[in-house]
Amino acid sequence: MKYRILALLVLVFMASCQKEPEKGLLLGEWRGEMQVSKDQRLPFNFVVSKDAEGSFFLEIHNADEVIVVDGISMEQDSIIIRMPVFEGYIAGTFSDTTINGLFIKESLERYVPFMASYGEPERFTTISKAKVDVSGIWETHFDFDTEEPYPAKGIFYQSGNTLTGTFRTTTGDYRYLEGVVDGDSLKLSAFDGAHVFLFIAKVTDSTMDGTFFSGNHSVESFKAKRNAAFELPDANSLTYLKEGYGKFEFSFPDVSGKMVSLSDERFQDKVVLVQIMGTWCPNCLDETRFYVDYLRKNPHPRLEFVALAFEYAKTEEKAFEGIERLKNNVGVEYPVLLAQVGTSSKTKANEKLPMLNHVLSYPTTIYIDRKGEVRKIHTGFNGPATGDKHLEFQQEFSETLEGLLGE
């Protein structure tokens with residue numbers, strides 16, 4: 001008996017020394033929600049998986065877009081999910097089937113309530129068969145009831161209740177939107193690590209009357225009508241050198257603190273593309289990926305790119321951290337200079353670049369020939385979510401560079 005009791009005590013001691021089973025998230029389909037207003041939640045879909053080392057990662061889905069998020073840390077019942085490029089992150093508590101917390105952008109002091117549940121593959125729940133097919137082109141006006149309305153071009157593709165597409169504006173597109181038409185109601189959403197976008201509208205065969213939620217900090221009304229011929233203003237005519245300025249100039253620091261100027265030797269006798277952007281900007285990320293891919297496939301000794309980053313991070317240290325994240329994640333080999341810190345205000349940006357009539361958009365690209373003359377300024381970026389417009393941009397971009405390099 002003595003030996004049996006001793007053996008039992010040893011077993012109990014060994015069991016007490018063992019670690020509790022590691023907690024985690026159930027693998028498979030999840031549905032996340034952002035509380036953008038008292039009455040509205042923005043849904044999106046993601047898949048939880050594990051890599052070869054057993055670490056958790058997410059795949060966020062917005063229509064044809066898949067965003068891999070592997071910056072996940074867990075301790076007891078706490079979880080932090082860091083976005084791969086942008087500074088935003090989700091912090092909260094979790095069980096194997098739920099996550100509850102906040103989506104946080106510290107620099108902007110924005111906090112959006114977040115929740116997620118396992119095993120819910122539907123983005124939006126539909127009740128009724130779609131009463132209208134909204135596929136096609138829509139002339140749209142946001143903030144139409146304010147002093148600063150702005151136009152957009154809705155581009156939609158519908159199959160049954162399922163709806164995808166985007167809105168193009170003069171400053172860029174709203175990227176990959178996914179949702180449904182439920183009866184006479186349109187619902188579209190996107191969460192890409194920076195954007196928290198929800199669009200809801202009442203629709204007929206020829207009209208839309210809706211509301212656009214950007215996070216829980218901005219609400220805009222919009223109206224739209226079918227118009228297959230509608231086009232936005234020419235993106236190459238919106239930004240230009242002001243009268244009295246013959247050249248484009250800048251002098252800003254790189255990540256090592258070295259001042260870089262357009263007059264530096266590396267830019268002399270070369271075609272130079274200057275990218276006005278921010279590391280917080282999803283359209284800028286799309287454009288940067290395109291530029292990196294183009295340079296990889298089309299290296300040229302007389303071609304240089306340089307980016308001017310206008311950052312809302314509160315300190316230079318945080319701003320440079322964002323620049324390094326972008327460069328490492330996308331593989332940027334051209335200089336990314338810190339042009340502004342503490343705000344992404346376009347008015348303030350214009351003070352840094354007084355030769356431009358305005359900084360209307362992040363991104364904006366300035367094409368400079370080998371003599372240092374500005375030959376073209378393109379406002380905004382038509383990203384991959386715009387379909388044919390993106391292909392059109394790629395062709396125009398290649399032709400413009402080939403022409404400048406061939407001079």
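Phe191 is buried, with a relative accessible area of 0%. Buried here means under 20% relative accessible area, exposed over 50%, and partly exposed in between (1.4 Å probe, protein chains only). Phe44 also counts as buried, at 1% relative accessibility.

The model is predicted: local features need pLDDT of at least 70, side-chain atom pairs count only at pLDDT 80 or more, and totals for chains, interfaces and linings use all residues. Residues are numbered from 1 along each chain as its sequence is written, and side-chain values use heavy atoms, with hydrogens and water left out.

**Aromatic pairs**

Rings of Phe, Tyr and Trp (its six-membered ring) pair if their centres lie within 6.5 Å; planes under 30 degrees apart count as stacked, over 60 as edge-to-face and the rest as tilted. By this rule there are 40 aromatic pairs. Two of them are set out here.

| Pair | Class | Centre to centre | Angle between planes |
|---|---|---|---|
| Phe44 and Phe191 | tilted | 4.9 Å | 45 degrees |
| Phe290 and Phe397 | edge-to-face | 5.1 Å | 75 degrees |

The pair of Phe44 and Phe191 links distant parts of the chain. Phe44 sits in strand S2 (residues 41-50), Phe191 in strand S15 (residues 185-191), and 147 residues separate them. Helices (H or I, at least four residues) and strands (E, at least two) are DSSP runs, numbered from the N terminus.

Phe290 belongs to helix H2 (residues 282-297) and Phe397 to helix H5 (residues 388-406), so their pair ties together parts 107 residues apart in sequence. Phe290 and Phe397 are buried.

Ring pairs also build a cluster from Phe142, Tyr150, Phe156, Phe167, Tyr174, Phe197, Phe199, Phe212 and Phe222.

**Glu220**

Glu220 lies in strand S18 (residues 218-226). Its side chain makes a polar contact of 2.5 Å with that of Tyr150. A polar contact is a pair of N or O atoms within 3.5 Å; within protein, one must be able to donate a hydrogen and the other to accept it, and residues adjacent in sequence count only if both atoms are side-chain atoms.

**Cysteines**

The structure holds zero disulfides (pairs of cysteine sulfur atoms within 2.5 Å). Cys281 is buried at 5% relative accessible area. Cys284 is buried at 1%.
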